[in-house]
Amino acid sequence: MKLRRVTPEEAGWSETRVGPWTRNRRTIGYRNPWLTVWHDEVTRPDGEPGIYGVVHFRNTAVGVVAIDAQDRVALVGQHRYAFDTYQWEIPEGGSPLAEDSLAGAKRELLEETGLTAHQWREIGRWELSNSVTDEAAVTYLATDLVHGQAEPDPEEQLELRWLPFDEVMAMIERGEITDALTVLPMQALALERARRHPPHG
């Protein structure tokens, strides 16, 4: 069996301080083209020995809230294997760590919807599950849209819907949209709108 060699910095073989923790040894529990699971033998903050599992992602998660001139949001429907449920989400995917995340977001939007946009701005950055993974996410608002042909990956079976902004927010409130990379930027945009147009009374 051919083994892939990794750098000491990536593998973390030597003793390393991690805040109040000490990582004494790191081994690779599992690896595929998208992620690595590290198994760390540690000294806990209380001085006792322990273990810590870390899922390292090779991509930054990117998402795009694409809004057209009628204030409709592009949502992509697809089956999610891990939860075995059908989900409605904003266009999203992975951008290699060495890539500019905006370039990755533009690519994902085009692949999943066929859309390009003349106007882009960042909405926010988040850590999606920071107790066990190092996955970071960045989302963008895309406006002044141009329609084209979608180019999904071969394994993707996608459905595209356009829904009014307020209806998407209602779906989030009803628990019909639960994907964090959709909920977080939509809520951030809703807060922006509320600040611009506060209720009278």
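Contact means heavy atoms within 4.5 Å. Helices (H or I, at least four residues) and strands (E, at least two) are DSSP runs, numbered from the N terminus. The model is predicted: local features need pLDDT of at least 70, side-chain atom pairs count only at pLDDT 80 or more, and totals for chains, interfaces and linings use all residues. Residues are numbered from 1 along each chain as its sequence is written, and side-chain values use heavy atoms, with hydrogens and water left out.

View 1. Buried means under 20% relative accessible area, exposed over 50%, partly exposed in between (1.4 Å probe, protein chains only). Gly-114 follows H2 and has a positive phi, near 80 degrees.

**View 2. The S3-S4 hairpin.** Strand S3 (residues 35-43) pairs with strand S4 (residues 49-57) in the antiparallel sense, over nine bridges. Two strands pair if DSSP finds at least two bridges between them. Val-37 has Val-55 in S4 as its bridge partner. Five residues separate the strands. In the turn, Gly-47 has a positive phi of about 90 degrees.

**View 3. His-56 and its surroundings.** His-56 lies in strand S4. It is buried, at 15% relative accessible area. Leaving aside neighbours within four places in sequence, His-56 is in contact with Trp-34, Leu-35, Thr-36, Trp-38, Leu-97 and Asp-134. Trp-34 and His-56 are 22 residues apart in sequence and 8.7 Å apart in space, C-alpha to C-alpha.

**View 4. Aromatic pairs.** Rings of Phe, Tyr and Trp (its six-membered ring) pair if their centres lie within 6.5 Å; planes under 30 degrees apart count as stacked, over 60 as edge-to-face and the rest as tilted. By this rule there are three aromatic pairs. One of them is Trp-21 with Tyr-52, edge-to-face at 5.3 Å centre to centre and 85 degrees between the planes. This pair links distant parts of the chain: Trp-21 is in strand S2 (residues 21-31) and Tyr-52 in strand S4, 31 residues apart. Trp-21 is partly exposed at 26%, and Tyr-52 is partly exposed at 29%. Tyr-86 and Trp-88 also pair edge-to-face, at 5.8 Å and 75 degrees. Tyr-86 is partly exposed at 43%, whereas Trp-88 is buried at 12%.

**View 5. Arginines over rings.** A charge sits over a ring if NZ of Lys or CZ of Arg is within 6 Å of the ring centre and within 35 degrees of the ring normal. Arg-161 lies over the face of Trp-88, at 4.7 Å from the ring centre. Arg-193 lies over the face of Phe-165, at 3.7 Å from the ring centre.

**View 6. The largest nonpolar core.** A nonpolar core is a set of buried Ala, Val, Leu, Ile, Met, Phe, Trp, Tyr and Cys residues joined through side-chain atoms within 4.5 Å. The largest has 19 residues; Val-65, Val-73, Leu-75, Val-168, Ile-177 and Met-186 have the most contacts inside it. S6, helix H3 (165-173) and helix H4 (180-196) each give two or more residues. H3 gives the most, with five.
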